[in-house]
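Me: I am new to reading protein models. Can you walk me through a few features, one by one?

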Amino acid sequence: MATQLFCNNFAYFLLPIMLLTCAHSITEEVDIEVLRALKDCIDPNSILPLSFLETWNFEMDPCESGGGHFLGVMCTVPKENVPCRVTEIDLDGARYDGFLTQQIGNLTELTVLSLGNNMFRGPIPESVSKLEKLTTLAIQGNYFTGTFPKRFGKLKLLQVLDVSHNRLSGPIPPMISDFRSLTILRLSGNAFTGNIPDLHAVWKLSTLDLSSNMLYGPLPKFPVNLRELVLSHNILTGHVTPIQNQAKLRILDLSDNRFSGAIPHGILSLPKVAFVNVSVNRFTTLEVSKFNGQETQLQTLAARGNRLQGHLPVNLVTVDNLTSIDLGLNRFSGVIPLEYGQKLEMSWQSLYLDGNFLVGNLPPQFTSENQRIRGSISHNCLTCPLTILLCHGGQRTAEECLAQN
């Protein structure tokens, strides 16, 4: 009801425009009415000069006009005696403030609906489920609330679904697993709860971002073609061994969850993975076998803020492409391997070992005046002169070190 009143108020100000119709319109009249309704549901004060919606002048035909008119609207190719239909609405991120009209469902030829980075509010209209030819639904960076429409599963042609950074809630609907054409799924930055549904049947999916929600429980099966998997900032638990089967994975972010057990070698040795972030979890073991002769693309390993213990893994130096390592805020003990010093002279660009219980002297390369590596080895139990940049911040007290060692 509030949405309808909002739209009606704007329609009052735009009444003269609404009364103008093209006598010989080539655009389907129903589609023109939807475009009018969409603009009517936007606060006119948020439609700024040079924005796309500012070019929507209904004295002209949406599908016939060219140049700088009806920006963001695409139509079918004109045919004799066949009205043109609107196929794409791709608005600019101009911070339009308003609601998405229920009439949107009448654009039955629509394939792309992109409203990202604006200020749309209220629920996703139930009528969106009528857009059965939709391949892209991108409404990221708005203020949509509520849950997915009940009949959302009818959108089986979706290839891109991006509702990230809104205020959506409730469980992720299992019907998403029926979207066999889906390649990109971004639901991050909402308030989704419950378990991650089994998505292994969505076999074309290459990007899955469910970060910054309130999802919990163990990991499900994932589709085999994933390139990017981002699950950070949730309440997920259990082991991460299922990810060892993701042979095409390039980016993995599991940070800020409650995963436990081991960080298995099988994840670090995935042939395509370049970035692994498992920070701020409850892992106790970092398994690193020798990589000699083993093909790997791993460049960044972040495992900060876990419960990792034992000696620092020497075999990290056998990862040829590795340049950035963060093992800070764990429970590692023993000395820093001499091999780490050799890597500082060669390929390592960033090394954070701060907040552990490491002891002894530093490898000589750590004290080099020419050392420009980013990182820190502070808050350990090392012999670490403050004249060395990596030592800035000091070491633990003798009492802390004795208690741990």
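**Reading salt bridges, a helix and strands**

Reply: Start with a pair of side chains: E29 and R36 meet in a salt bridge, 3.9 Å from N to O. Keep in mind that this model is predicted.

Me: What makes such a pair a salt bridge?

Reply: A side-chain nitrogen of Lys or Arg must lie within 4 Å of a carboxyl oxygen of Asp or Glu. The E29 and R36 pair, at 3.9 Å, is one case.

Me: Are E29 and R36 buried or exposed?

Reply: Under 20% relative accessible area counts as buried, and over 50% as exposed. R36 has 3%, so R36 is buried. E29 has 33%, so E29 is partly exposed.

Me: Which residues are linked in a network of salt bridges?

Reply: E29, E33 and R36 form that network.

Me: How many salt bridges are found in the whole structure?

Reply: The search finds 10. Among them is the one between D354 and R304, whose closest N and O atoms are 2.5 Å apart. D354 sits in the loop between β24 and β25, and R304 in the loop between β20 and β21, so the pair ties together parts 50 residues apart in sequence. D354 is buried, at 10% relative accessibility. R304 is partly exposed, at 22%.

Me: Which strands hold the pair D209 and R186?

Reply: First, the contact: the side chains of D209 and R186 meet in a salt bridge, 3.9 Å from N to O. D209 is in strand β12 and R186 in strand β10, 23 residues apart. D209 is buried at 10%, while R186 is partly exposed at 24%.

Me: Now a helix. Which residues of α5 are buried?

Reply: Look along residues 338-346: Y340, G341, K343 and L344 are buried. Down the axis of α5, the buried residues fall within an arc of 160°, so they line one face of the helix. They pack against β24. The face turned away carries the exposed residues L338, E345 and M346.

Me: And strands? How many bridges join β7 to β9?

Reply: There are 2, and the strands run parallel. G146 has L168 in β9 as its bridge partner. Next, 3 bridges join β9 to β11, also running parallel. There, S169 has A191 in β11 as its partner.

Me: Last one, a loop residue. Where is N225?

Reply: N225 is in the loop between β13 and β14. At 15% relative accessibility, N225 counts as buried. Beyond its neighbours within four places in sequence, N225 is in contact with W203, K204, L205, S206 and K248.

Terms used
Residues are numbered from 1 along each chain as its sequence is written. This is a predicted model: local features need pLDDT of at least 70, side-chain atom pairs count only at pLDDT 80 or more; totals for chains, interfaces and linings use all residues. Side-chain values use heavy atoms; hydrogens and water are left out. Buried means under 20% relative accessible area, exposed over 50%, partly exposed in between (1.4 Å probe, protein chains only). Helices (H or I, at least four residues) and strands (E, at least two) are DSSP runs, numbered from the N terminus. The arc is that of the directions from the helix axis to the C-beta atoms. Contact means heavy atoms within 4.5 Å. Two strands pair if DSSP finds at least two bridges between them.
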